[in-house]
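Hi,

Here is the structure I promised to pass on. Have a look at it, then read my notes below.

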Amino acid sequence: MSEWIEFTGNEMPVPEETLVDVKYRDGRKLYRTKAMLFCWTFNNLSKFDIIEYRIAEDEQ
């Protein structure tokens, strides 16, 4: 499995159709979801900000 990549809130770092795992500021994780379904910009330090991501295992 790939390592988590730190994300600091900018544009989507991968193509829209890429399956990713994401880790939110509050510690929750979501797995194997298309990148286009997430909000990749920071929202004033919201608990829903993505702070780390990785390409889902089957996409590697």
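Before the details, a word on strands: they are DSSP runs (E, at least two residues), numbered from the N terminus. Two of them pair if DSSP finds at least two bridges between them. This is a predicted model, so local features need pLDDT of at least 70 and side-chain atom pairs count only at pLDDT 80 or more, while totals for chains, interfaces and linings use all residues. Residues are numbered from 1 along each chain as its sequence is written, and side-chain values use heavy atoms, with hydrogens and water left out.

Let's start with the strand pairing. Strand 2 (residues 19–24) runs antiparallel to strand 4, and five bridges join them. Strand 2 is also antiparallel to strand 3, this time through four bridges. Strand 2 and strand 3 make a hairpin with four residues between them. Look for Gly27 in that turn, with its positive phi of about 95 degrees.

Strand 1 (residues 5–6) pairs with strand 4 (residues 50–55), again in the antiparallel sense, over two bridges. There, Ile5 sits opposite Tyr53. While you're clicking along the strands, keep one general point in mind: in a regular strand the side chains alternate between the two faces of the sheet.

Next, the charged pairs. I counted a salt bridge wherever a side-chain nitrogen of Lys or Arg is within 4 Å of a carboxyl oxygen of Asp or Glu.

Lys34 and Glu17 come to 2.8 Å between their closest N and O atoms. Lys34 belongs to strand 3 (residues 29–34) and Glu17 to the loop between strand 1 and strand 2, so this pair ties together parts that are 17 residues apart in sequence. For accessibility, I call a residue buried under 20% relative accessible area, exposed over 50%, and partly exposed in between (1.4 Å probe, protein chains only). Lys34 has 33%, so it is partly exposed, and Glu17 is partly exposed too, with 46%.

Glu52 and Lys23 form another salt bridge, with 2.7 Å between the closest N and O atoms. Glu52 is in strand 4 and Lys23 in strand 2, so parts 29 residues apart in sequence are tied together. Glu52 is partly exposed at 21%, whereas Lys23 counts as buried at 17%.

Then there's Arg25 with Asp49, at 3.1 Å from N to O. Arg25 lies in the loop between strand 2 and strand 3, and Asp49 in the loop between strand 3 and strand 4, 24 residues apart. Arg25 is partly exposed at 32%, but Asp49 is buried, with 2% relative accessibility.

Finally, the nonpolar core, meaning a set of buried Ala, Val, Leu, Ile, Met, Phe, Trp, Tyr and Cys residues joined through side-chain atoms within 4.5 Å. The largest one has ten residues, including Val20, Tyr24, Trp40 and Tyr53. Strand 2 and strand 4 each give at least two residues to this core, and the largest share, three residues, comes from strand 2.

What is Tyr24 in contact with, leaving aside its neighbours within four places in sequence? Counting heavy atoms within 4.5 Å as a contact, Tyr24 touches Leu30, Phe38, Lys47, Phe48, Asp49, Ile50 and Ile51.

Cheers
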